[in-house]
Amino acid sequence: MEKPNSELPVIIGQTGVLNGLRWLISSVLTVGRDSECEIVIPDRQVSRFHARLSPEATGVLLEDLGSKNGTYMNGKLLIEPAYLQDGDMISVALVQNFFFLSSDATMPMEAHLPSSEQGGRLRLDMRSRRVWIGSQEIIPPLSVPQFRLLHMLYDQQGKVVSRQDLITAVWSDEDAAGISEQAMDALVRRLRDRLLALDPTHEYIITVRGHGLRLDNQAL
């Protein structure tokens, strides 16, 4: 028995020429520049037949088809086929991004700028891992570690979060023990740079020496 459309997995164009478009994954979808592909990306950086999405009993399998400029999953170059998880980010040749939802029913009825419960200028959408400052979206999207760090601070807005709690949130309990102070500092610096590039008038991530970090998300 076939699933109703609302229960089918879906990918949604996030940036690039396909921004806002969506495709239900009810059968194999080929992504590429060739007009025979189910998802056509008209960009010379994209191979004619670049990647493939295959619905299987265990989930949706993402494969790179030997493309010249690569397929990326959550910011990492895809070497072997991998199953997608809810909220995963796909980037085709770094020119077109998509995000994956395991069910179309979880997608908002219409795309809109998420509201900020705290009334701040910075806003996050957890499902798509998109970030806005005011009405401007951060493009290209933050990396997965950058987004996890920002999300942890956003959830504890105005409060100081210890470095250890942040490391655990970004790298998980299993990997956190091996993370150096230098790696954490580098991640914080890159995230600060991304936020300042869009809004150089405000310092969002504040270091509280000896305690940790907090997010200063003032209202516009």
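Colleague: What makes β3 and strand β4 (residues 39–40) count as a pair in this predicted model?

Modeller: β3 and β4 are joined over two bridges, in the parallel sense. Pairing requires at least two bridges, so β3 and β4 qualify as a pair. Within this pairing, G32 stands opposite V40 in β4.

Colleague: How do you know that β3 also pairs with strand β5 (residues 51–56)?

Modeller: Three bridges join β3 to β5, and the two strands run antiparallel. The requirement is at least two bridges, and therefore β3 and β5 are a pair as well. Here V31 stands opposite A51 in β5. In general, strands of a sheet pair through backbone hydrogen bonds, whether parallel or antiparallel.

Colleague: Why are both faces of strand β3 (residues 29–32) described as covered?

Modeller: L29 and V31 lie on one side of β3, T30 and G32 lie on the other, and all four are buried. Side chains in a regular strand alternate between the two faces of the sheet. A residue is buried when its relative accessible area is under 20%, so buried residues on each side mean that neither face of β3 is left uncovered.

Colleague: Why is E137 called buried?

Modeller: The relative accessible area of E137 is 17%. E137 lies in strand β14 (residues 136–137). Leaving aside residues up to four places away in sequence, E137 touches Q14, R130, V131, W132 and L198.

Colleague: Why is R123 called partly exposed?

Modeller: R123 has a relative accessible area of 22%. R123 has its place in strand β12 (residues 122–125). R123 and Y154, 31 residues apart in sequence, are 8.6 Å apart in space, C-alpha to C-alpha.

Colleague: What makes β2 and β8 the edge strands of the open sheet?

Modeller: The sheet has six strands in the order β2-β1-β11-β10-β7-β8, with antiparallel pairing. β2 (22–24) and β8 (76–77) each pair on one side only. Further inside that order, strand β1 (residues 10–15) is joined to β11 by five bridges, with G13 standing opposite F98 in β11.

Colleague: Which elements of the structure line the second largest pocket?

Modeller: The second largest pocket has a volume of about 300 Å³. Two or more lining residues come from each of β7 (71–73), β10 (89–92) and β11 (96–101). β10 gives the most, with three residues. The lining has 19 residues in total, and G75, M89, N97, P141 and L142 lie nearest the centre of the pocket.

Colleague: How is the lining of the second largest pocket divided by class?

Modeller: Ten of the lining residues are nonpolar, eight are polar and one is charged. Gly counts as polar and Met, Pro and Leu as nonpolar.

Colleague: Where does pLDDT stay under 50?

Modeller: pLDDT stays under 50 over residues 105–113, for which the model has eleven contacts beyond four places in sequence. Where pLDDT is low, the predicted coordinates should not be read in detail. For the protein, the mean pLDDT is 84, and 85% of residues reach 70 or more.

Key:
Residues numbered from 1 in each chain as written. Predicted model: local features only at pLDDT ≥ 70, side-chain atom pairs only at ≥ 80, totals over all residues. Heavy atoms only, no water. 1 Å grid on protein atoms, 1.4 Å probe; cavity = no way out; pocket = protein on both sides within 12 Å on 5 of 7 lines; lining within 4 Å. Points joined across faces, edges and corners; volume = space filled by probe spheres on them. pLDDT = per-residue confidence, 0-100. Contact = heavy atoms within 4.5 Å. Buried < 20%, exposed > 50% of the residue type's maximum accessible area, 1.4 Å probe, protein only.
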